[in-house]
Amino acid sequence: MKLIRNSLAAIFVLASPGLVLVSAPAAAADAAACKLEITGNDQMQYDKKELSVPASCKEVTLTLHHAGQLPAAAMGHNWVLVVTPDLTAVANAGMGAGLASDYIPAGDKRVLAHTKVVGGGQTTSVTFSTAGLKAGGDYSYLCTFPGHNALMRGKFKFG
Ligand code: CO
């Protein structure tokens, strides 16, 4: 009986550090998976056609780099998250909002998240909650600078 009890204790001791070792790197990986980066350029392009985060991300941080040299007034880029069917309507509404409003229509609920507009050499980021997103939903991102969304768009996968 004593032998069995010692064996169980030994198993417990061996198993416990194992659980800690397994869970710590997993948590670190999740945090990294919730951070996204995308780069725009002077050719009116993003460098990625798709971004994805696991549904376990409660918050997502998106960092937008502008690798070009043209100023925001000529070749500005932002990053705007929408449900895919709203993409064209949000692009059109954004056009009318103007650069001072980052080409984002004020109070537009179709805009799920967005960065400000940046010009060449600049970087910006936005952190947003995923509470309103549905895992497996059909989301897209775009640049709402006038005329850019035809080229500057991609799919955002959540979950
Ligand atoms: Co743009």
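I began with the term donor, which covers N, O and S atoms within 2.8 Å of the metal (3.2 Å for Na, K and Ca); water is not among the atoms, so sites may look incomplete. I am working on a predicted model, in which local features need pLDDT of at least 70, side-chain atom pairs count only at pLDDT 80 or more, and totals for chains, interfaces and linings use all residues. Residues are numbered from 1 along each chain as its sequence is written, and side-chain values use heavy atoms, with hydrogens and water left out.

Entry on the cobalt ion. I looked up its protein donors and found G76 (O), H77 (ND1), C143 (SG) and H148 (ND1), at 2.1 to 2.7 Å from the ion.

Entry on burial. I call a residue buried under 20% relative accessible area, exposed over 50% and partly exposed in between (1.4 Å probe, protein chains only). H77 is buried at 1%, H148 is buried at 2%, and C143 is buried at 0%.

Entry on the disulfide. I counted one disulfide in the structure, taking the term as a pair of cysteine sulfur atoms within 2.5 Å. C34 is joined to C57, with S to S at 2.0 Å. The torsion about their S-S bond is about -90 degrees, so the disulfide is left-handed.
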